[in-house]
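Look at the sequence and the model first.

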Amino acid sequence: MATNGESTDFIFSSDGVRGLSGINGGYGQTWGQHGGDAGPAFPGGNGGTTVVYLESAASGGAVANQNILVRGTATRPDGSVIFEDTFTVAANQLGKIIATARGGDGGNGGIGGNGAHGMPGRDGRDAGPGIAAENGQSGGPGGDSGAGTSGADAGCGGVVRLKCPKGDEYLFMAVDGLDSPLEMVRGGFGGQPGAHGVPGNGGPGGYGGAGYTWTEYHQRSFTDHEGRIQYETVPVTFNNAPGYGGSAGRPGKYPTRTLFRGMDGVPGRVELVVAGDRLGLPSNTYSKRYDFTMDEFAIAEEPGPNVDGIFEFGEMCHAAGFVLRNVGGMPSPFQRVRLELEPGKWYTPIKSDMAFLSGPLEVNQAKSADGRIRFQISYPDTERADDYAPIIISENVVPKAIQLGPELQPSSMVGSTPFERTYPNIKYTRALKVRFPIGN
């Protein structure tokens with residue numbers, strides 16, 4: 001229950017819990033260490049059962065006049081009780097009733113850890129006098145990347161059961177979301193897939209040892225031109241070639257397993273149960289609330305000497321002939337529906353004028369409302385108008401329909417009750433084209 005200004009909202013939920021996401025794998029920490037695999041994601045929980053019972057004095061029960069009893073129960077799929085309580089609220093203080101049994105979202109998949117890079121190969125020993133250069137050693141292999149995990153499946157929607165006695169069907173208008181009831185029991189969203197880690201690069205090969213060049217001075221003998229043996233010192237150069245560089249290590253391996261998004265949960269169901277009356281009539285169960293659209297209405301000038309088929313500035317007109325159709329899935333309440341006009345830019349409805357539709361209407365039944373609603377067309381600002389251009393304006397006349405609760409004097413034209421809710425699907429409008437009877 002939440003109090004918002006002058007109204008009180010009620011929230012009853014048996015939504016399934018969200019599944020836990022997979023734990024990410026750890027990164028490789030030492031040369032060539034593999035990344036850790038991610039943990040599994042967990043599925044979302046299924047929605048349970050949410051039951052909301054509504055009752056007022058209109059059904060002949062013990063609830064005080066202009067009060068509403070609200071009883072809510074939420075249970076898990078295993079039958080254990082989450083919440084159960086009963087409230088009584090004044091009809092003019094009842095806000096929204098939110099009842100859900102959605103499936104929990106699946107957990108997201110985890111992300112695999114990155115593999116560590118391979119160890120660099122050791123450099124070869126440099127050459128020296130009489131010592132050959134060594135080749136560089138190969139680099140170590142990179143670590144394999146850790147495997148990610150797929151997203152988990154979501155939970156399925158549960159059951160929202162809305163109940164009232166016969167005569168209190170008007171209270172279903174206080175339940176939020178019945179225009180799109182499957183949203184109240186939708187399945188959860190499947191978890192998003194994780195990702196595999198990044199494999200480590202192979203270690204670079206070591207450098208080959210440096211070559212070495214040196215010179216030695218040796219004596220050698222030779223015979224000169226006189227036949228004598230002579231000796232001389234000559235330089236002799238030696239060269240040890242450099243070593244070869246080592247090859248790079250192989251990179252780590254990447255998992256080949258494909259990761260998937262989890263499956264969305266299947267929606268549950270909404271039940272609207274109208275209990276049998278106290279005379280023994282049976283209960284009825286519906287999957288969709290009643291709802292109204294408007295098939296037609298007309299606008300015309302008020303009767304008088306100036307009726308000429310032209311809507312003129314300053315003229316009194318009226319809307320009448322409102323035809324409403326029950327496009328819902330159950331009979332409409334027997335309490336009346338009030339019709340009124342939304343104020344416009346160029347017209348002002350007469351506040352005391354209303355039209356009324358008496359119920360109930362069966363599914364797909366259309367019926368005309370009684371009464372008409374006058375409206376006054378405004379005058380334009382002629383000082384700002386072009387002297388030569390005719391002043392013509394167009395605007396849509398927009399009606400709306402309001403479900404009333406129990407009326408103390410239903411036959412009166414007061415048409416105001418502590419409980420009132422507007423039907424959202426009244427979209428039909430009439431174009432109002434206004435001008436002076438002759439060009440200005």
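## Basis

This is a predicted model, in which local features need pLDDT of at least 70 and side-chain atom pairs count only at pLDDT 80 or more, while totals for chains, interfaces and linings use all residues. Residues are numbered from 1 along each chain as its sequence is written, and side-chain values use heavy atoms, with hydrogens and water left out.

## Salt bridges

Side chains of opposite charge can pair when their charged atoms come close. A salt bridge here is a side-chain nitrogen of Lys or Arg within 4 Å of a carboxyl oxygen of Asp or Glu. The whole structure holds 17 salt bridges.

## A link between two loops

Asp105 and Arg18 form a salt bridge through their side chains, at 3.4 Å from N to O. Asp105 sits in the loop between strand 6 (94-100) and strand 7 (159-165), and Arg18 in the loop between strand 2 (7-13) and strand 3 (49-56), so the pair ties together parts 87 residues apart in sequence. Strands (E, at least two residues) are DSSP runs, numbered from the N terminus.

Asp105 is partly exposed, at 22% relative accessible area. Arg18 is also partly exposed, with a value of 46%. On this scale, buried means under 20% relative accessible area, exposed over 50%, and partly exposed in between (1.4 Å probe, protein chains only).

## A charged network

Arg338 and Glu420 meet in a salt bridge at 3.0 Å, N to O. Arg338 belongs to strand 14 (residues 337-341) and Glu420 to strand 21 (residues 420-422); the pair links parts of the chain 82 residues apart. Arg338 is buried, at 8% relative accessible area. Glu420 is partly exposed, at 24%.

Lys400 and Glu340 form another salt bridge, at 3.4 Å from N to O. Lys400 lies in strand 20 (residues 399-404) and Glu340 in strand 14, 60 residues apart. Through shared partners, salt bridges join Arg338, Glu340, Lys400 and Glu420 into one network.

## The sheet

Two strands pair if DSSP finds at least two bridges between them.

Strands 14 and 20 run antiparallel and are joined by five bridges. Leu341 has Pro399 in strand 20 as its bridge partner.

Conventions. Helix = DSSP H or I, 4+ residues; strand = E, 2+ residues; numbered from the N terminus.
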